[in-house]
Amino acid sequence: MRMTNNMLSQNLLRNLESAQGRMDQLQNQISSGHRINRPSDDPVGIQNAMRLKSNISSVEQWKSNADEALSYMNTTDSTLGEITSMLQRVKELAVQGANGTVTTEDKGTIAAEVDQISDHLKMLANTQIGSKYIFSGTATDKKLEISSNGTVSQGNDQYVEFEVGNNLRIPISVKGQDLFGAATTPTGGIFTTLSELSEALKSGDLAGINKGLANVDKNIDNVITVRSGLGARTNRMTALQEQLDYTSTNLQQNLSGIQDADIAVTITEFTNSQNVYKAALSVGAKIIQPSLVDFMR
Amino acid sequence: MSSTFSGLEISRRALSSQQAALNITGHNIANSNTKGYTRQIGNLTSTTPDTISNSGRNLSLGSGVTLDTITRARDAFVDRQFRGETSKQQYWAAKQDSLTKVEDILNEPSDNSLSNDMNQFWVAWSDLSKSPENSGARSVVKERALTLIDSFHAISTQISDRQNDLNSQVNVQINQINVYANQIKDLNDQIKRAEVAGDNPNDLRDSRDNLVDGLSKIVSVRVTETRDPNFTDRQVNSYKVDIGDETIPQTLVNDGQVNQLVGDKNQTGITSVKWAGGASFKLGQNMGTLQANIEIRDDYLTGLMGKYDKLAAGIVTAVNELHKKSLDPSDPLDKGTNFFHDPTDGPTDDLSDDDLEAKVTASNIQLSADIIADINKIVTGQLGEAGDGSIATKISSLSSGWSEVSSIDKTAYGTSLGDFYGATVAQLGVDVQQANRMKAGEDVLVTNVTNQRESFSGVSLDEEMTNLIKFQKSYSAAARMVTMMDDMLSTLMSMGVTR
């Protein structure tokens, strides 16, 4: 083939350009850390990467929801614990009051303590986490208002639910009406029991006190039932949280596998193309210089 | 018997011919870097010999040299290949250029992309679902929605900007083709005049070939050069340039005649290409930047915009359907609140979603007036239950599927809105990749043909230097011959002179 000077210089230029192009692409990968920087780098990869990113952002949100749910449930649990111990105290007081040797005056004192515990329980029924009333069902902005006969005039019997999976909502609250409501056993709920007990103590009605004692036992059982239900859900939530952690790690790994550059390989490739570029430069400097002109006098 | 002085004449012819050859070499060297220059060759031929009679026989005695013609080292076949490959290469180059810019507009994958905004939007709903009474979480949902809307608007604007850019490029290219056509016509006239005069105007032909090369970047081009039958005694050629689709004759320049192209603007300002006579102009198959620009403008970007419109409509339809579910069952007039603005709602409208998917586009998606005015209008669950996040959860679950909505054509969207968008982005990636590969392939072919052409037509300095010495030596030798003849004639003249 007949060669001309222009062919040499044009070919050299083109080869230099392509060597530089490769170097540019590799340095882009190294400095961004990503193998895929635009859709055309890997169209199939980018679709998977986008799906994974979407999954990751959902899973991260569910994780944060689960964390918050657990702290909500733990607070509820400790409140339930407090309610139980209050009722235990009422039981002790009732046993004390059922003792025939206790004077009427002392019974009055006991009744006063029962009344105070009743007030305290009413306060517990309106425990707030942040601005949420935790026993008011989904009417979290309203107090749970309970009359002394146990009728709930405000608040509803819906569970507060948190989203911890795709369309998966787990109830994280306990229903205030299950705890304090009139529908619980014994009929009338905790506050009815307490007011009846208090009345019986004040009037020295031994049969009434014994009935109250039995009712308090039932109330304690009820709270424990509700609490164990919450405990079971807390366990489930903890399991879900761990599972979400695991899923998140998994997804992150998958995403990294798809979109991250293998730095060792990329740097090696970069060094290679750098060498090619240098070689092209040095050979280019040699071939485009001389022609017959340089040797004529 | 030839003349005594015929030797001088041979030398004179040699001197002038070698000098002319030296000048041609000089012209080649001077133009070694001129674009489109074809090296010229001086064709030296021996002149008609004298017939001399010698001892009753006729002998042909050489009478010297003359410069017969100056021709170009040009291969018409390589030219045709070069132009064909250039058209294809430029088609893919223009496509690659446009599609890469679209890739830049999308900015995927990055933290400033529509897909990211969409994820953030779904996540904000999930966050709201756990604390619906929290007005901070409500503001976040609204702000994320606004960001998403802004992204839609920005992409839609950029796509139509790109279409307008391409449209003005098409207009410029129509002009370019016409300018090329007129220049080629002018050169045709000049070349023909020279040819009629018996000349061989090499440099004018170079200029004309250069113009056709330039034309082949914009549009597919075919050249037919035929002998003009009006001239029988000398070589005079007719030069015809056809452009566009090969299967039908579409002549741009025929000798001294030019057919102009015109741009035909429709109401939206989009230009289509026509012949000045009104006939439609057929572009052919993947040839030239003009075709690439028209295809991207009319088909690709319109299709892409359609995808974004569909995505926006899908989001609006699905979110609104769920958002409106919280209505007061006791109030028959309550049709629920839209989260996104529903363009099908008139003042007297019944708020039904008639034709919603067709009316929402990436450029007109916006929040409903109710939500803009009051973030407490954002629905999270059943009315009156501040802590109910069930509807917010359902909306956030749109990130991965359709299980909660019925008003949308799910088969058209795939498994989820995000997936639908992912497929759009992947499709763009595939198209850019194809353009990259085709461009790279055509680059190699154009390089090969360019090298072939350069190998045949290009100026090699080594060769020219060799010629320089060759002709110079011949010139010196011819001069030497004159001196020798001078000596010989002196000898002759001094015969019989007494000293």
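**Pockets, helices and strands**

Guide: This is a predicted model. In the second largest pocket, the lining residues divide into six nonpolar, one polar and ten charged.

Visitor: Which residues that line the second largest pocket are the closest to its centre?
Guide: The second largest pocket has a volume of about 350 Å³. Its lining takes at least two residues each from helix 2 (76–106), helix 5 (202–218) and strand 5 (221–227) of chain B. Of the 17 lining residues, the closest to the centre are Ala76(B), Asp79(B), Arg83(B), Val223(B) and Glu225(B).

Visitor: Which strands stand at the edges of the open sheet of four strands in chain B?
Guide: The order of this open sheet is 5-6-7-8 in chain B, and the pairing is antiparallel. A strand with a single partner has one side left without a neighbour in the sheet, so the edges are strand 5 and strand 8 (257–258) of chain B.

Visitor: In strand 6 of chain B, what is the bridge partner of Thr224(B)?
Guide: Strands of a sheet pair through backbone hydrogen bonds, either parallel or antiparallel. Strand 5 of chain B and strand 6 (residues 237–243) of chain B pair in the antiparallel sense, over seven bridges. The partner of Thr224(B) in strand 6 of chain B is Lys240(B).

Visitor: In the hairpin of strand 9 and strand 10 of chain B, which residue in the turn has a positive phi?
Guide: Strand 9 (residues 261–265) and strand 10 (residues 271–275) of chain B run antiparallel and are joined by five bridges. One of the bridge pairs is Leu261(B) with Trp275(B). The hairpin has five residues between its strands, and the turn residue with a positive phi, about 85°, is Gly269(B).

Visitor: And which turn residue has a positive phi in the hairpin of strand 5 and strand 6 of chain A?
Guide: Strand 5 (residues 161–165) and strand 6 (residues 168–171) of chain A pair over four bridges in the antiparallel sense. Phe162(A) has Ile170(A) as its bridge partner in strand 6 of chain A. Two residues lie between the strands of this hairpin, and the turn residue with a phi of about 60° is Asn167(A).

Visitor: Are helix 1 and helix 12 of chain B roughly parallel or antiparallel?
Guide: Helix 1 (residues 6–30) and helix 12 (residues 461–493) of chain B pack with their axes 9 Å apart, at an angle of about 160°. Angles over 145 degrees count as roughly antiparallel. The two helices of chain B are therefore roughly antiparallel.

Visitor: By class, what residues does the contact of helix 1 with helix 12 of chain B have?
Guide: Helix 1 of chain B passes helix 12 of chain B in a left-handed crossing. By class, the residues of this contact are 17 nonpolar, nine polar and one charged.

Visitor: Is the crossing of helix 1 of chain A and helix 11 of chain B left-handed or right-handed?
Guide: The axes of helix 1 (residues 5–32) of chain A and helix 11 (residues 417–457) of chain B come within 10 Å and cross at roughly 165°. Helix 1 of chain A and helix 11 of chain B are therefore roughly antiparallel to each other. Their crossing is right-handed.

Visitor: Where is Pro109(B)?
Guide: Most residues other than glycine have a negative phi, and most peptide bonds are trans. The bond that joins Glu108(B) and Pro109(B) is cis, with omega about -15°. Pro109(B) lies in the loop between helix 2 and helix 3 of chain B.

Visitor: Where is Ser55(B) found?
Guide: Ser55(B) is a residue other than glycine with a positive phi, near 55°. Its place is the loop between strand 2 (50–54) and strand 3 (57–61) of chain B.

Visitor: Which elements give two or more residues to the lining of the largest cavity?
Guide: The count of cavities of 30 Å³ or more comes to three, and the largest cavity has a volume of about 50 Å³. Its lining includes Ser58(A), Gln61(A), Trp122(B) and Ser126(B), and divides into three nonpolar, five polar and one charged residues. The elements that give two or more residues to this lining are helix 2 (43–98) of chain A and helix 3 (114–130) of chain B.

Methods: Residues are numbered from 1 along each chain as its sequence is written. Chains are lettered from A and ligands numbered from 1 in the order in which they are written. This is a predicted model: local features need pLDDT of at least 70, side-chain atom pairs count only at pLDDT 80 or more; totals for chains, interfaces and linings use all residues. Side-chain values use heavy atoms; hydrogens and water are left out. On a 1 Å grid over the protein atoms alone, a cavity is a set of points where a 1.4 Å probe fits but cannot get out, and a pocket is an open set with protein on both sides within 12 Å along at least five of seven lines; lining residues have an atom within 4 Å of a point. Grid points are joined across faces, edges and corners, and a volume is the space filled by probe spheres set on the points. Ala, Val, Leu, Ile, Met, Phe, Trp, Tyr, Cys and Pro count as nonpolar, Asp, Glu, Lys and Arg as charged, and the others, Gly among them, as polar. Axes are lines fitted to C-alpha atoms, for helices over the stretch in contact, and angles run from 0 to 180 degrees between N-to-C directions. Angles under 35 degrees count as roughly parallel, over 145 as roughly antiparallel, 65 to 115 as roughly perpendicular and the rest as oblique. A crossing is left-handed if the near helix is turned anticlockwise from the far one by less than a right angle, and right-handed if clockwise. Two strands pair if DSSP finds at least two bridges between them.
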